[in-house]
Every structure is written in structure tokens, then in C-alpha cells.
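Have the viewer open and follow along.

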Amino acid sequence: MLSIDLGRRYYPFFSNARVENAVIRGSRIRAAILVPPLSKVVFLNETAYEILKLLSRRLSLEEVVEVLAERYRASREVIKRDVVEFVSSAIREGFITEKEHGSVPVHKLEAPPPPLLRGYLSFPVDVDVEVTRKCNMKCLHCYSSASIEGRDLPIEVIEELASELAARGALRVMLGGGEPLIRSDLPDIVRLFSEKGIAVLLSTNGLLFDESIGRELYLAGLRVIQFSLDGLGGTHDRVRGVPGAFKKVTEAVKTAKELGFTVLVKTVVMRDNLAEIPRLLGFVDALRVDMYSFNRAVPSGRARENWSRVHVSYADYEKVLRSLKGLMAGCRTAVRFEERAPGGAQRLSGEPSVCNAGVTYISLDSELYLKPCSFFPRGFSCGKLYESWRTLNDAWHGCALLKVLRSLTFEELEEPCRSCRRCYGGCRAAAILTFGRLKAPDPLCPLVEGVRLAGG
């Protein structure tokens, strides 16, 4: 924890950040903030929300502690601990700064909109948009089995969607595929969102990225790009099915950094690259990548077809995690990774059991199917936007699948998730894809591993 002088004044420092949308899972979370440069969404609980409001009034931390201790009639020491922990975290995240003199741009927090239903945001903060199913690669682990024969999401649909997202307070969109750079109108698509104040994150394999398209995208308002990198040299080429792909994505990362983009690199950990993850971390750190993330595959699309080659047991994955601990300490690159091992504090009975799919974000594929996240099969979707639903907002509040997801409790889940209560039930998409049931256990959990795929 940082050592903080309670007498000093710390102000919310948002500059380009936005504070929008609110009320998730009852009182657990009150607001969502978009923090540059990673266009990261940070959710605030009730206490954090109140601390930020008080800091916006330019109170010192000592004054904040006094106000909250009186308001909640709680021990001053307990309140002091909560305040210091939150401010320490907020300073690291970059949305609180210390300023002794002069004015600081402060975004005044408004009261959150009333909850239309208990348990989810009044509108999604994040929306994944599959702008095309076309792809110039044929990756071993592709969740959507994308190919060059895929279809594009019509530009008219994207334009209408962008207007609704802006009007209702969405903070961020992820443009993915397929391979988005196959679309010649991608800069126009980026502009549709960015000009309305919505942060855009592009996910690409990097094969078509060069200085020319990079400059176009930057001028259109794109600031964050995520490149896929699934191994070093020939490993990446084999996984991606394209000779020379590793060299190309490496050049793309370097070019994007030179153009001023915030660059993320993501790896899907599988048997082919498991042993290379420590070296991959060193490689991307040398490229001065802003964030490196990795996770195991979900059994969808070609990953399902190649499951025996793609899937890595949690025990083997955990060995790699342990080997990275010393390396991460010396990295300039931020590192994020999947961690599902049982452990940590027990959850209270009756708390929501699922991830934020359909709770804070939603996914739209190139054929207009709305899904809680991109991994959900179309048989477990909300149907088609503009066919089953007039607007995204209608689907967000009316879709039966989303209502079930939002109301799931541990008691409704199958064992061992019902009794474990340490990770909110894991990945519902993986459970459906493996067992064919929404309330089945998460097959990626070490307590459940070794099961056969449904229909396999």
C-alpha cells in the first residue's frame, strides 16, 4: 500500500475520462469510470463513489474520513483504512492525482440513474462489435471459426448502434472479427464511435496493419489497439496458419507504438506455446507494450474442434504462472492473466454468481445476434438486433437469457460451483459449450477439469 499523508488533498483527475451509467447488483457498484490511456473501465462501489464525491469538493483525506465516520457511524480507523486503500488504488489506476496548488479538471459526479431492475447496469458500459466474420488467417483456436468467406456487419447498422450507445451512456466499444482491417471502411467505423465520445479499442491479428492505415485510424480517433501474439517465431505462424505472421505482427506492434497508440498484446495459452509464455513476456516487454494479457482457450469454434491440442490443464498453466512471478516484478509492461484456482475469501450465500457478461457488457456479432459475450453460442443468445428487438436497450432489459444470468445465485448452480463460492461460478459460456447447460460447472476450473465436451 502507498504511504499517504491524510492531510494532503487528492482530487479526481479525469481529463478525458467520463463518469456514466450506474447501479449494478444492488448497491455493490454505483458508478463506472473510463480511465485513459488504456480506456480501462473501473467500477466503483458505494464507499468509493462517496469518497470521490467528497474529494470533488476538495476535501483532504482526513476530512473525508471524518465525514464518512460520522455518516456511517463507523470506527474512524476502519473508515481511514478503506479511504487510504481506495485512494492508493485510484492513484495507481490514474484517476486520482495529488495537487497542492492550482486548479485541476474535476468531473463532478452526478447521482446515478435509478435502477430499472436490480442487478445490472441501466445500459451496457462495454459493447463488443464483430464488424466482420471475414478473416485472412485460419487460427487453430479461433472461437468463431472465422474465414475469408465470412460476412460484414452493415455500416448502416453500425451507424445506428453508435448513435444509441452515445445517447444512452456506453463508455467503450471493442471492434473485432474476424479481422477488422479487412474492411476498407474501418476508419469510418472508428469515427462513428469516437466522434460521439465513445472510446474505441481495436482487436487485430496485425497482418494488414502498417503506417498508412495506422495514421488513418489515429486521425479517426482510435487510440488503443490489441494485437494477437500466440508464440515466438514459427510457433505463432503454425498456430495462425500463415507463414511470416510473427514477423508481421512484431512490425505492426512497433509501428503502432511509434504512431502513439496504446498497445495491448494478447496470447491464448495452449499446448503449442505453453513453454514460451515466460519468453513471450520478455519479448513484449522489450517492445514496450503497454499491457500483456493471456488466458486459456474457451471450447468454441475451431478451439473446440482442436480441443485436445488447444486445452491446457490448470495445473500446467499454474506452473507457468509461478514461473512468471519474478519476471513480472521487473517488467515495464502491465500484465493481466486468467486465474481460477480455488482460494480467497468465501462469498456470501445469495450473492450473484456469474461474471459480468450481460451485466456490464454485451456482444453483437456480424449477423446481428446479441449475446451476453462473444463466446456464447447463438442457441444461447437474445436473438437478432433490429429483428427480435427494436433497439439494444430493449434487448438489454427484455432478453430472458440476460435476466436469468443476472439473477443466478450459487444455490442454483450445479456442483462443485454451488458449494465452492470462490469465483462467482466462473465462465457460463464455457459451461454451456461443454455441458450444454447454463447452470453447469465451469470446465476451466481445476475442480471440474477432465470432462468430455457436450456431444463429444
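Start with two phenylalanines: F209 and F261 are both buried. Keep in mind that this is a predicted model. A pair of aromatic rings is described by how far apart the centres are and by the angle of the planes. For F209 and F261, the centres are 6.3 Å apart and the planes make 75°, an edge-to-face pair. They also tie together distant parts of the chain, 52 residues apart: F209 is in the loop between β8 and α6, while F261 is in the loop between α8 and β10.

Now move on to F294 and Y317, another edge-to-face pair, with 6.3 Å between centres and 65° between planes. Here F294 comes from strand β11 and Y317 from helix α12, 23 residues apart. Both F294 and Y317 are buried. These two belong to a cluster in which ring pairs link Y292, F294, Y314, Y317 and F337. Across the whole structure, a search turns up 9 aromatic pairs.

Next, the helices. α1 (residues 46-56) packs against α3 (residues 76-93) at about 80°, with the axes 10 Å apart, so the two are roughly perpendicular. A48, I51, L52 and L55 of α1 meet D82, V83, F86 and V87 of α3. That contact has 7 nonpolar residues, 1 charged and no polar ones.

Last stop: H141, in the loop between β6 and α4. Is H141 buried or exposed? Its relative accessible area is 10%, so H141 counts as buried, the cut-off being under 20%. Among the residues H141 touches are D230, R240, M270 and R302.

Technical notes: Residues are numbered from 1 along each chain as its sequence is written. This is a predicted model: local features need pLDDT of at least 70, side-chain atom pairs count only at pLDDT 80 or more; totals for chains, interfaces and linings use all residues. Side-chain values use heavy atoms; hydrogens and water are left out. Helices (H or I, at least four residues) and strands (E, at least two) are DSSP runs, numbered from the N terminus. Buried means under 20% relative accessible area, exposed over 50%, partly exposed in between (1.4 Å probe, protein chains only). Contact means heavy atoms within 4.5 Å. Axes are lines fitted to C-alpha atoms, for helices over the stretch in contact, and angles run from 0 to 180 degrees between N-to-C directions. Angles under 35 degrees count as roughly parallel, over 145 as roughly antiparallel, 65 to 115 as roughly perpendicular and the rest as oblique. Ala, Val, Leu, Ile, Met, Phe, Trp, Tyr, Cys and Pro count as nonpolar, Asp, Glu, Lys and Arg as charged, and the others, Gly among them, as polar. Rings of Phe, Tyr and Trp (its six-membered ring) pair if their centres lie within 6.5 Å; planes under 30 degrees apart count as stacked, over 60 as edge-to-face and the rest as tilted. Lists of a residue's contacts leave out its neighbours within four places in sequence.
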